[in-house]
Amino acid sequence: MSVILWLIAVQLVGLAAFPIAFALMPALRDRGYAVAKPLGLILVSWPLWLLGSFNLVPTTTVTLWGALAVMALVSSWIAYVRREEMLALLRREGHAILIAEGVFLLMFLAWVAYRAYDPAIDSTEQPMDFAFLNASVLAGYFPPADPWLRGGDVPYYYFGYLLMGNLTEMTLIPTRVSYNLALALIPAMAASAAFGLVYNLIRVHGANARKAMGFGLVAPALLLVTSNLVGLLEFLRIRGFGSAGFWSWIGIKDLGPAEALSWRPMDYLWWWRSSRVIDTLNAEGGSLDYTITEFPFFSFLLGDLHPHAMSIPFVLLFVTLCLAVYVTPGGAAVRALRETPWTVLAASVILGALAFVNVWDIATFGALWAVVVVFRTVRETNGDWARVLPLAWLPIGATLLLAVLLYTPYYVSLDSQASGILPVGEVGTRPIHFLILWGLFLSILTPVLLRQAYAALPLRRTSTARVAAGDAEAVGALEAPAGGAPQPAFAEVFWPRAAAALAVVMLPFFVWAAWHLGWNTVAGSSNPFVVVSERLVSVLPLAAMLFAAIFALIRIGERGEQPAMAFVLAMVSLGLLLILGPEFLRLGDLFNNRMNTIFKLYYQAWILLATASAFGLYCLSSIGLPGRRALRAAMAGWWVVIGLLTAGSLYYPVEAALTKSGQFQGEATLDGLSHVARSSPGEYAAILWLQDNAMEGDGLLEAVGDSWSTYSRVSSSTGLPTVLGWPWHEHQWRGSREPFEGREEDVRAIYETRDASEAADLLDEYGIKYVVVGPRERNSYGTAGLSKFPQLGDEAFSQDDVTIYRIRE
C-alpha cells in the first residue's frame, strides 16, 4: 500500500507541474514532460520552505497538499489557455511520453524490489541520512533542528531530505519506509529525465522520433545501470587472469590474484572496491591518494540517501531547461530573456535548489548556464564576440544572483568545513585509473570529438559542414579535404579560437605548476620539474579531448549550426574539465586531501558524460560506411571495443545486486528498521513510541559513541535532537569541535553521577525531555548512576532492556 500511495503522490505532483514545464520549454519536443516530477517537487516545496524560514506558514500535511492545489490551479489555467497546443503535443509525442512514464515506473519498481531485500538503515552514513530525513519531517519551520546537536540547526544542505520528507508527510508513510521509497524514486526520476534529455537532443538534431526514442532509452542505462570497469577486472581476477605483478600494477587496494577460480566473486565486499579506484598505494599497501569514485548504481546499491545521489534528477531538470533556452529561437539572449522573465526566474529557482540539495552543484551548473547564454548570444549575433558579453552578462548575473537570494535563509544557516582552493600534491591519477573509470564513455565520445573538431577547422566550408552532419559521402571526416589547400583565413580563424580553448584547458595546470615550481613546500618532495612534467604527460590525452571539445564548441556555436551538437559539446567540455581539474586543484577541508573534490566533481562528470555518450552513440550510428577498407575495419573495431566495454560495465550491477541483497533471500520488507525489530525489539518499540508521542522541540538523551556505529540510533530514527550524536560528523559539518566541546563529558556525567541534582541541572541546561536507558547506555556508562532517573522523571516506556524516562518539568 505504501508503494501505491507514494506513486500516486509523485504522479499528482508531476501532472500538476507539467503545464508549467510546457510553458517554460516551448522548443523541446516533449515540452519538459520527462522532468515534470522533479520540477513539481521543487515548486511545491520551495515556497513553503521560504515561508517556513520566516516563521509565517508551517510545512504540514495540510499545507503541502494546499501548495500542490495552488500549483494545480496555475497549471489548470495554463492548460486551458494552451489546450489546443497540449492536445496536439499528446497526439504528436504520445509515444515518447508513454515511454518516459514506462522508464520511470520500471526503474522505480526495480529499485523497490531490490530495497525490499536490502532495506536496513544500519551502515555507512545511512543513520546520518535517516536523521536528516526525520528532522525534515518533524520540522514545521526551518531550518530543522540538528538531531545530533541539541540546540543547533541542521548545518548541512538539507533540501533533498526536505523534498523526500515532504512526500513522506503528504502520504503519511513512516520514514522508516519512505527512506527506501526515496531511494527508488530518485533513480526513477533520473531515468525519465535522462531519457527525455537525450530524446529532445536527438529530435533537435533532426532525427525521427523512433531513432530518438531508441537512443533515448540508452541514456538511463548508461547513467544509472552501467558501472566503471572494476567489475570487468573483478571477473578477470576470479577467472585467473593476470599475474601478481599485473594486479600490483593495476593498483586497486585489495584487488589481487584470486585464491580459487570461480564465475562469481566470493568475498562479500568486492563490490565496494569500485568506489575506491584512485588510491595510489605505497610499498606497504597504504594509501597515498585516498579518494571516492562513486557512480550512480553504486550509490543506490549502497543505500546512502546522500545529496550527491539525490541531486541527479534535479541536475537533469536544470540541464534540460538549459537545452530549452539554448535551442529556443528568438533575438539576442538578453532581449529574449527580458521578454520572458519567467525563464530567468525558473532557472534561478532550479539552480538555487541544486545548491540547496548539493552545494557543489551551483558552481558547475551555474557555469553551464553561463556557457548556454553566451553561446546563444554568439549564435544570434553571428559570432560577433564584441557584442556577446555586453548582451549576455545581465541574464547570467541575474540568474546567479537570484539563485542565491531566493535561498538566502539556507546560506545564513549553512556551516562549512571548506577552507579555500588548494593545489593538489605530488600524487595524481594514474592513466590506467582514468581508463578504468571513464573508459566506456571516452571510447564513445572520442571519435565524436575528433569528427567535430575536424569539421570545425576553417577548411572548405562545404566539406566540413557535410562532415559535421555525418554525410556518408563526406567520410573524409578523418582525411584532408580533397584538392584544396586551407583558405587564406585559416590562421585568422583558427589560432585565436585554438588559443582560447587552450587557455581554458591549461589554466588549472599553469596555476598548479607555478605553485610547485615556485612555492612548493611539500615535505620530502621530489624534484618539482619532474613532478610537473610527469603530471602533464599523464593528463595529455584528456587535455587533448577537452581542447577538441572546446574548439569545436566555439566554431559550431559561431556558425549557428547544429544547436544540439553544440549543447552536447558544452556538456562534454564541462564533464572533461571536472575530471581534469582535480589533478591540479582541490577544496581545502578537514580530510586534507582531494577525496571530496574527486568524489563530488566526478559524480557530476558522470551525469554529463553518460547522457552525452547516449547522444554520441546516436552520432556514431549515423555515420555511413567509409570508402576505404582500412577505415571500415577501424570503425568495426571501434564498435567492438565499445561493445566489450559496455558488456564489461554491466557485469558489476548484476553481480553486485546479487551479492549485497544476499541473493534476494529472506523476508521482503521496506521497513528500514526491520533489522532493529529482529535484533532489539525493545528498542524498535521505543522508537515507534517516541515517533507517536514526542513533539517537535523535545530534547532527547542517549549515549554518545563513535561515528559509523549504532550509537545515536534513537535520535537518528526519530529526528529528536540529542545532546551529541556522531562527534566526527558534527566536526566535519561545522569545521570545528568548538560548538560541542564538553558535551560528551556532560552526557557521561548525566548517566554516571549518583547526584540527582547534578543530573537535573545538566538535563535542564540542554532542555531534555526524554532519557533513553538501553544496552548502549549501560555498556558505555554502567548501571550505578541509573537509579536516580525515577526521581527525575516518570517511566514513560519500558520493554525488554529499553526504558524511556519523561523528565518532569
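This is a predicted model: local features need pLDDT of at least 70, side-chain atom pairs count only at pLDDT 80 or more; totals for chains, interfaces and linings use all residues.
**Entry: a cis peptide bond.** With that naming in hand, I looked up Pro143 and found that its place is in the loop between α5 (126-138) and α6 (159-171). The peptide bond that leads from Phe142 to Pro143 is cis, and its omega is near 5°.

Entry: I followed α7 through residues 175-205, which gives 31 residues, and its first and last C-alpha are 44 Å apart, close to the 45 Å expected at 1.5 Å a residue. After α7 comes Gly206, with a positive phi near 110°.

I then turned to the packing, remembering that two packed helices are described by the angle between their axes and the distance between the axes. Helix α4 (residues 83-117) packs with α7 at an angle of about 150°, and the two axes are 8 Å apart. Since angles over 145 degrees count as roughly antiparallel, that makes α4 roughly antiparallel to α7. The contact of α4 with α7 has 19 nonpolar, two polar and three charged residues, and α4 passes α7 in a right-handed crossing.

**Entry: the sheet.** I read the strand order of an open sheet of four strands as β3-β4-β6-β5, with mixed pairing. At the edges stand β3 (699-701) and β5 (793-799), each with a single partner strand, so one side of each has no neighbour in the sheet. On average, neighbouring strands of this sheet are turned by 20° against each other, direction ignored.

Strand β4 (residues 768-773) runs antiparallel to β6 (residues 802-807), and four bridges join them; Val773 has Thr803 in β6 as its bridge partner.

Entry: Asn55 is not a glycine, yet its phi is positive, near 55°; I located it in the loop between α2 (36-53) and α3 (61-81). Its relative accessible area of 54% makes Asn55 exposed. Trp708, in the loop between β3 and α28 (713-718), has a positive phi of about 55° although it is not a glycine. With a relative accessible area of 49%, Trp708 is partly exposed.

Notes
Residues are numbered from 1 along each chain as its sequence is written. Side-chain values use heavy atoms; hydrogens and water are left out. Two strands pair if DSSP finds at least two bridges between them. Helices (H or I, at least four residues) and strands (E, at least two) are DSSP runs, numbered from the N terminus. Axes are lines fitted to C-alpha atoms, for helices over the stretch in contact, and angles run from 0 to 180 degrees between N-to-C directions. The expected span of a helix is 1.5 Å times one less than its number of residues. Angles under 35 degrees count as roughly parallel, over 145 as roughly antiparallel, 65 to 115 as roughly perpendicular and the rest as oblique. A crossing is left-handed if the near helix is turned anticlockwise from the far one by less than a right angle, and right-handed if clockwise. Ala, Val, Leu, Ile, Met, Phe, Trp, Tyr, Cys and Pro count as nonpolar, Asp, Glu, Lys and Arg as charged, and the others, Gly among them, as polar. Buried means under 20% relative accessible area, exposed over 50%, partly exposed in between (1.4 Å probe, protein chains only).
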